[in-house]
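Me: I am new to this structure. Can you show me how to read it, feature by feature?

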Amino acid sequence: MSDTTDVEPKSESVIERLEDHLPARDQHSAPGLLPGEVSKHPTPVQYVTIAVVLVVITAIEVAVSYTEGTIPNGLIVVLLLGMAGVKFFLVASWYMHLRTDQPMFRRFFIIGSVAAVLLYFIVLLSLHAFLEI
Amino acid sequence: MATTEQLPGDQVPEPAADAIETDETDADQSMPAELSPGELVPPHGGHDEGGHGAADQHTGLVNPKLGMWLFLSSDCLFFGAFIATFLLYRDRAGQSGPTPGEIFDIPFTSATSFILLMSSLTMVLALAAIQRGDHRRFRVWILATALFGATFIAGQIFEFTEFTREGLFIDTSVFGSSFYVLTGLHGAHVSVGILWLMSLWGLSTQNRLPTAHAERVEVAGLYWHFVDVVWIVIFTVIYLIPN
């Protein structure tokens with residue numbers, strides 16, 4: 001390999017062939033990111049902030065559950081399910097990094113959770129569960 | 001990059017991207033001359049020197065994380081079945097034994113829910129610590145996560161004991177059956193998570209969990225946070241929503 005000019009065309013050809021076969025992660029991930037990440041994870045301060053929000057929502061949930069009898073049960077159910085949904089979303093997007101990871105992971109989880117809700121909602125409807133409750 | 005020795009049928013290691021950009025001669029040396037273009041990258045699998053499980057797959061997705069997300073996706077349906085069963089049977093007329101409104105202790109369960117939420121915080125702090133190479137803090141946070149989980153399980157055992165004292169056994173009524181099976185399965189998930197976290201802590205104490213393997217912590221964290229989000233749903237649907 002003493003003559004660089006002789007080697008260079010072959011090397012360039014190898015590089016082109018290699019780049020064609022590189023996994024997509026090398027095209028998406030920047031230095032310092034874990035494999036599968038599209039952007040940086042949240043900072044510890046952001047993690048603590050999310051935890052404070054989760055605790056506050058949980059406290060409100062418990063408080064709302066004690067209002068039974070003073071406000072309609074239907075409203076309580078809607079409020080509680082709404083707050084649980086917000087907590088679910090916060091944990092999944094910030095702590096499970098669905099915000100910053102590759103979109104395919106998000107799609108898998110959404111498909112699974114939405115399929116579960118739809119499937120069992122239909123099952124409960126067909127068994128008249130909501131009339132019993 | 002040194003020339004690797006090829007065994008018959010062996011796979012060709014994936015060359016590092018920086019080698020391609022900076023050292024063309026090295027890149028050339030890593031490719032045995034007799035390889036055809038189709039053999040530049042093996043069709044399946046490859047050596048995973050970084051421990052990320054990401055090497056040499058063509059989807060661009062990381063295999064351990066992909067596997068965990070697929071598992072969690074299926075686990076959604078698994079827990080959904082038991083939550084739906086509980087909703088179906090909780091208020092069926094003619095059941096013997098205590099009713100949910102008579103035995104649930106909301107302040108106590110709120111405290112255990114708070115503990116589980118805090119365990120999610122310590123879990124992400126553990127991941128952040130190992131990602132920046134702070135292994136001492138990683139061990140502290142991962143141990144705190146496991147301890148929070150163990151406290152949650154202790155609370156669940158206490159709760160079950162109290163319920164049995166008040167006459168609710170797994171065979172007392174369909175409410176009892178669906179309640180114990182659902183919350184017991186969740187507790188089993190938490191217990192598996194604790195074992196997983198302790199194994200990571202043990203590996204770290206033996207210096208066998210380098211920063212390059214931080215993804216192992218992330219995958220364990222995905223499982224742990226999933227257990228947390230399932231409890232968010234259980235706590236609301238089972239305990240808080242009025243009868």
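Reply: Start with contacts. Two residues are in contact if their C-beta atoms, placed from the backbone, lie within 7 Å. Keep in mind that this is a predicted model.

Me: How many residues of domain 1 of chain A are in contact with domain 2 of chain A?

Reply: The assignment for chain A gives domain 1 as 4-101 and domain 2 as 102-133. Across that boundary, 6 residues of domain 1 of chain A are in contact with 4 residues of domain 2 of chain A. On the domain 1 side, the touching residues divide into 3 nonpolar, 2 polar and 1 charged.

Me: What does the secondary structure of chain A come to?

Reply: Chain A has 6 helices and 0 strands. Along the sequence the pattern reads α-α-α-α-α-α. Chain B has 8 helices and 0 strands.

Me: What share of the residues in chain A is buried? And in chain B?

Reply: The count of neighbours decides. A residue is buried if 20 or more other C-beta atoms lie within 10 Å of its own, and exposed if 12 or fewer do. In chain A, 27% of the 133 residues are buried. In chain B, buried residues make up 39% of 243.

Me: And how do I read contacts along the sequence?

Reply: Look at how far apart the partners sit. Take the contacts in chain A between residues at least 6 apart in sequence: 49% of them join residues at least 24 apart. In chain B, residues 24 or more positions apart account for 75% of the contacts with a separation of 6 or more.

Me: Now one helix. What should helix α3 of chain A span?

Reply: Count residues, then check the ends. Helix α3 of chain A covers residues 44-65, which is 22 residues. At 1.5 Å a residue they should span 32 Å, and the end C-alpha atoms are 32 Å apart, so the two agree.

Me: Which residues of α3(A) are buried?

Reply: They are Y47(A), I50(A), A51(A), L54(A), T58(A) and E61(A). These residues cover an arc of only 105 degrees around the axis, which puts them on the same side of α3(A). The face turned away from that buried side carries the exposed residues V45(A), V52(A), V56(A), A59(A) and A63(A).

Me: What covers the buried residues of α3(A)?

Reply: Both chains contribute. The cover includes α4 (73-95) of chain A, together with α5 (106-131) and α8 (214-240) of chain B.

Me: Why does G112(A) count as buried?

Reply: Because it has 21 C-beta neighbours inside 10 Å. Leaving aside neighbours within four places in sequence, G112(A) is in contact with L72(B), S73(B), S74(B), C76(B) and L77(B).

Me: How many residues does the largest nonpolar core have?

Reply: It has 75 residues. Those with the most contacts inside it are I83(B), V124(B), L125(B), A126(B), L127(B), V230(B) and I234(B). Helices α3, α4 and α5 of chain A each supply at least two residues, as do α3 (63-89), α5, α6 (135-165), α7 (174-205) and α8 of chain B. The largest share, 17 residues, comes from α8(B).

Me: Last feature: phi. What should I look for?

Reply: Look for exceptions. Most residues other than glycine have a negative phi. H97(A) is not a glycine, yet its phi is positive, about 65 degrees. N207(B), also not a glycine, has a positive phi of about 55 degrees.

Me: Are H97(A) and N207(B) buried or exposed?

Reply: H97(A) is buried, with 26 other C-beta atoms within 10 Å. H97(A) sits in the loop between α4 and α5 of chain A. N207(B) counts as exposed, with 8 C-beta neighbours inside 10 Å. The place of N207(B) is the loop between α7 and α8 of chain B.

Terms used: Residues numbered from 1 in each chain as written. Chains lettered and ligands numbered in written order. Predicted model: local features only at pLDDT ≥ 70, side-chain atom pairs only at ≥ 80, totals over all residues. Helix = DSSP H or I, 4+ residues; strand = E, 2+ residues; numbered from the N terminus. Expected span 1.5 Å × (residues − 1). Arc of directions from axis to C-beta. Core = buried A, V, L, I, M, F, W, Y, C linked by C-beta atoms within 7 Å. Domains from an automatic or database assignment. Nonpolar A, V, L, I, M, F, W, Y, C, P; charged D, E, K, R; others polar.
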